[in-house]
Structure formats: structure tokens, C-alpha cells
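Keep the sequence and the 3D view open side by side.

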Amino acid sequence: MPTPPYGPRELGRSGVTVPPLGLGCAPLGNLYRAVPEERAQDVVRAAFATGARYFDTAPHYGAGLSEERLGRALRGHDRGAYTLSTKVGRRLRPLAPGEAADGEGFVDAPVRARVRDFSRDGIRATLDASLARLGVDAVDIVYLHDVENHLREVYETGFPALAELRDQKAVRAIGFGMNHSGPLARLVADLDVDVVLCAGRWTLLERTAFDDLLPVCARRGTSVVVGGVYNSGLLADPSPGAPYDYAPAPAALLDRARQLAAVCAEFDVPLKAAALRFPFGHTSVAAAVVGAATPGEAAENAALFTRDIPDELWHTLVARGLLDADLPLPLAEPGAHP
């Protein structure tokens, strides 16, 4: 396999390092489709075999199923050999009598209710339950999850509770994870954050985070983990009906994605490889987490990430108006121009 283009990076000043490519574990929680137990285990094994050493999960993913499966798959591995993140803000509880479960996009998952809980006790209980499901004594990173509509609670109790856990060395790095870059920018500006996980807003198709979040992260020394590099699938396969932000892609975006794919084909580079590499043009980006529902997808992501991408491809995308001229590019030779 070719040498990876980037090495491990520290998250802020936390001392936690992550490799550039991590496994996003929402598919292990049966996101949109059921993944058989053995296949879920094989996905993690395949990712580990490629050298992946960063795994991101959450109680939300399959109402705890993702954490349970990830914990089983990692059992037997030296805990110091990989980096692990989970999330708080959604506490799981048994259903009340007569209460119906809301899968929230996850199928064939444990019958549990999700409850927004940003209290000190709730956050500690949520983390303790995650540790039990994962079968570990500690995780390295904890994100407050999807808090864009709960900022008051975050400022009043959620973040102070998480910062207390970091002060007590119960966790090593803390931050926020969501697919809205504006609220992330505000939180990074106001609070002592090591890392944020921003999904879908810094991609070949989306510059939103470049305009609001990334400048603040650069100024504050906060690291960024990117998710959603394929924009829900549009940058994986820009065919009619392809999803974008979990809904059918608008015609204009579909057309632009197809133009991006055509230019990539001129350079014999898969669109997915370019989409995976692009976010690393910004120096605040430490890693990308990419989901996989099969062992083959995990292996493919690793191969795509190490794909040789000529600088000329990026310059051509700019020249043809498919990337804005002010965007930082992941050049092999920074500063080089045709």
C-alpha cells in the first residue's frame, strides 16, 4: 500500500493524537439498513487491518448498538493502540409503558428511548453507560452531540460538566459534534474546546465551514475532525436520485458533482478519493471519519485515502470554476502552481 499522505496529528493541545483516517461507526448501529452482527465485527476488523486506529461512535447510533458492537470487535486489542471517541447529550433509557420507540433512522436496534440531557449527572451517567457498552475504562474524546438547538443548556450545564470531566482526567479531549458549522464556530470562539467534529460542511461541494468555523479554529488552536466527506452519498456516486444531506440532491448540486467526477476521471482519480482528500487542504483538519457498512467499504476507504492525486487536478478544478479560488488545496507540493 502507498505511504499515507498524512501522519497522526494532535487534537488541540490535549495530547490526544489521531491518525488521519478514522472509522465512523454509525453504520454499525444499523443506520438505514440492518448490518448483520458478524459483518459488523468484520467491518471493524477490516478497518483495523488497514491501519485505522481511530473509531468514532455515539449512544445515538442504534440506541447503543454501535457502541456494543464496536466494543466487542475491539476486545482483545491493546487499549493504548487506538483512539476512541463517543458522545454525550443524548441519554438512553428504557421505554415507559405504552411508549413507542423512535429509531431516528436506525433499524433493528435495541428498544430504548433517547432523552436530551445536558445536566452534570446526566452527562456523567451517559458516559458511564457508554463505557459499559464499549467495555473500556475510558475513551479519549467526548463530543457533545447535535446541540445546535440547545445552546443555552450547553453554556449553563453541558459544557461545564464536560470540562470538569477533562479537568479530572476522566477524558482527555472534549468538543462538539454536529453538521451545522455556524453554532460550532460560536462554541469554539467562546469555550475552551480541543476538537470539533463537523459533518458535511467542509467538502468538495460545501465551503460553509471555511467561511465561519475554520477561521475560528485556526485562531483558537482547535482541531477539526471532518465527517460526511461524501455529503451523504452525492460525492460517492453522483447519479440521478443520489442523496445530499439525507435527501435527494438538488439538480444544480447533482450537476456540479457530475462535473467534479468528470474532471477527476481525466486524471484517473476516483471522485471519492478527491472528496476524501480535499478537506486536508486546511491546516486545522486533523482527521476524517468515514463510515463503512461492509469490510470491502472499509478497505476501499483506506485505499482511496492513499491514492496519488496530482496537484494539477486541484488546479484544474479551480480553473474550471468547480472550486473557489480562495480555498486551500491539499497539494503534494504546497505553493506549487501550473
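Which residue in strand 14 is the bridge partner of leucine 21? It is alanine 288. Before going further, note that this is a predicted model.

Strands 3-4-5-8-9-10-11-14 form a closed barrel of 8 strands, and their pairing is parallel. On average, neighbouring strands of this sheet are turned by 25 degrees against each other, with direction ignored. Strands of a sheet pair through backbone hydrogen bonds, in a parallel or an antiparallel way.

Strand 3, residues 21-24, runs parallel to strand 14 and is joined to it by 4 bridges.

Now move to another pairing in the barrel. Strand 4 (residues 54-56) and strand 5 (residues 83-88) pair in the parallel sense, over 3 bridges. Phenylalanine 55 stands opposite leucine 84 in strand 5. Helix 3 packs on the sheet and touches strand 5 and strand 8. The direction of helix 3 makes about 140 degrees with that of strand 5.

Follow the chain out of helix 3. Aspartate 140 lies in the loop between helix 3 (120-134) and strand 8 (141-145). Is aspartate 140 buried or exposed? Aspartate 140 counts as buried because its relative accessible area is 8%, under the 20% limit. What does its side chain touch in a polar way? The side chain of aspartate 140 makes a polar contact with the side chain of arginine 79, at 2.8 Å. Leaving aside neighbours within four places in sequence, aspartate 140 is in contact with several residues, among them Val16, Tyr82, Leu84 and Arg172. Leu84 is the residue that phenylalanine 55 stands opposite.

Continue past strand 8. Asparagine 149 lies in the loop between strand 8 and helix 4. Asparagine 149 has a relative accessible area of 65%, so it counts as exposed, the limit being over 50%.

Next come the aromatic rings. How many aromatic pairs does a search of the whole structure find? The search finds 11. One of them is formed by phenylalanine 159 and phenylalanine 176, which are stacked, with 5.9 Å centre to centre and 25 degrees between the planes. The label stacked applies because planes under 30 degrees apart count as such. This pair links distant parts of the chain, 17 residues apart: phenylalanine 159 is in helix 4 (residues 151-167) and phenylalanine 176 is in strand 9 (residues 173-178). Phenylalanine 159 is buried at 8% relative accessibility. Phenylalanine 176 is buried too, at 0%.

Ring pairs also link Trp202, Phe210, Phe278 and Trp314 into a cluster. Trp314 is among the buried residues of helix 11 (residues 311-319), which include Leu313, His315 and Leu317. What covers these buried residues includes helix 8 (251-266) and helix 9 (271-277). Glycine 321 follows helix 11 and has a positive phi, near 75 degrees.

Two arginines sit over rings. Arginine 53 lies over the face of phenylalanine 48, at 3.7 Å from the ring centre. The charged end of arginine 277 sits over the ring of phenylalanine 305, 5.8 Å from its centre.

Most residues other than glycine have a negative phi. Asparagine 231 counts as buried at 1% relative accessibility, whereas serine 232 is partly exposed at 29%.

Definitions and conventions. Residues numbered from 1 in each chain as written. Predicted model: local features only at pLDDT ≥ 70, side-chain atom pairs only at ≥ 80, totals over all residues. Heavy atoms only, no water. Phe/Tyr/Trp six-rings, centres within 6.5 Å; stacked < 30°, edge-to-face > 60°. Helix = DSSP H or I, 4+ residues; strand = E, 2+ residues; numbered from the N terminus. Buried < 20%, exposed > 50% of the residue type's maximum accessible area, 1.4 Å probe, protein only. Lys NZ or Arg CZ within 6 Å of the ring centre and 35° of its normal. Polar contact = N/O pair within 3.5 Å; in protein donor to acceptor, adjacent residues only side chain to side chain. Contact = heavy atoms within 4.5 Å. Pairing = 2+ DSSP bridges. Axes fitted to C-alpha atoms, helices over the stretch in contact; angles between N-to-C directions.
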